[in-house]
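Welcome, and please load the model in your viewer. We will go from one selection to the next, with a short note at each stop.

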Amino acid sequence: MAWNAPITFVNGVLPASQLNQMLRDNMNETAPAKAMNVAGYFVSTGTNAIAEREVLNTSYYERFGTTSTSYVAAVPGGIAIQNVAHSGSLIALWTARMYVFSSPSTTNTACVSCEVTGKTSAADSWATRTVGGDNAFIRGMGFHHFTGLGASTTDQVRMMFRTGAGQSNFSNCELIVFPL
Amino acid sequence: MVWTVPITFVDADPLTAAQLNVFLRDNMLETGPGKATTGARLLTTFGVNQIGERQWARTVLNSTITTTNKEYAVIQDEDDVLYGPTLTVEHGGKCLVFYDANVTSTTGGAAMFGPVFDGDTREAANPASTVNSNVSVTAKAAASARRSGARLGGIMLYTGEPGLLRVDMGYGSINNSSSATYSHRRLSIYPF
């Protein structure tokens, strides 16, 4: 079904087809007709069209490290949310405890960024970066508004990690995705 | 009122007032504008064919507090005075929670703070815990190790039974002999 621009009614016979288009079909395009879950929200998906979305999250609490100076998933499978439905845009928010385990310096930082796999790679431009403190006590948090993705129901959003040099460690990670 | 799936109308069948009241009036009252009462609220789903408004909440306490707690305390003295800030929101099962503060810890210790949900600090007793729990302060905590005056914070998605949720900020320090100070303590909650 699709939304039909409401007509201007005039005196005379009201045919069933008008009621079906203007009342039944249009009602079925409104938010309560499309609501299927608790704690979701609505976004526009195009002209006269809306869809239900929900905030998604995943957590990973183990401690891990990387010596890679380019962004990697760092843990098997990565800290990721699959099958994110969106209309071409989403906001990712992430947080992690992080520190440089070896070779700490003012220019060597542990970095946490985020990617939409296969569409927008993780980058320092929106990375959370810190030298950190002992035992990963420093919690960093970051966000990025990904745009221009094209509507999808199968995208993966994943936290990505790298070190400036030596080894950086991370723990207590959380990734939250707010699809639009 | 509840949403009623619109019927298919047929020519020559009389259109009754009851039909208009159910499929037009009552259903209209279930839509976004029918539910909206206040500006700047989120319209979220309450269940199948149900939507409603959610009111966000935010607060800040600029005052400086000092803690020497080892655990994550929400009460600062025997008179049950809260450190704060504290917020209560109504939600449908999810809340986006932001929290931060300016933090200073003494040498040898680490300041740690985080949200405490409905007074449950069960994970907080073990600062080394990495147990996954939505009420875990430890696993969610923002912390400062021998850093001075930095603004640190965290973000999390709380999930739980729909209803009222009270959130307090809990504070602790890793080292028994250390103390920590916190100021400009902010808490923001966006319920869904």
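How many residues does the contact take from chain A, and how many from chain B? The answer is 39 residues from chain A and 47 residues from chain B, where two residues are in contact if their C-beta atoms, placed from the backbone, lie within 7 Å. Before you select anything, note that this is a predicted model, in which local features need pLDDT of at least 70 and side-chain atom pairs count only at pLDDT 80 or more, while totals for chains, interfaces and linings use all residues. Residues are numbered from 1 along each chain as its sequence is written, with chains lettered from A and ligands numbered from 1 in the order in which they are written.

**Stop 1: the side of chain A that touches chain B**

Select helix H1 (16–27) of chain A, which gives the most to this side, with six residues. Helices (H or I, at least four residues) and strands (E, at least two) are DSSP runs, numbered from the N terminus. Colour this side by residue type and you will find 22 nonpolar, 11 polar and six charged residues. Here Ala, Val, Leu, Ile, Met, Phe, Trp, Tyr, Cys and Pro count as nonpolar, Asp, Glu, Lys and Arg as charged, and the others, Gly among them, as polar.

**Stop 2: a pairing between chains**

Next, show S1(A) with strand S1 (residues 42–47) of chain B: these pair in the antiparallel sense over two bridges, and at least two DSSP bridges is what pairing requires. Zoom in on A:Tyr41, whose bridge partner in S1(B) is B:Thr44.

**Stop 3: chain A as a whole**

**Stop 4: the cores**

Finally, select A:Val157, A:Leu175 and A:Val177, which touch the most other members of the largest nonpolar core, a set of 70 residues. Such a core is made of buried Ala, Val, Leu, Ile, Met, Phe, Trp, Tyr and Cys residues joined through C-beta atoms within 7 Å; buried means that 20 or more other C-beta atoms lie within 10 Å of a residue's own. Strand S6 (residues 90–100) of chain A gives the most to this core, with eight residues. A second, separate core of six residues includes A:Leu19, A:Leu23, A:Met27 and A:Ala33.

Terms used
Buried ≥ 20, exposed ≤ 12 C-beta atoms within 10 Å, placed from the backbone.
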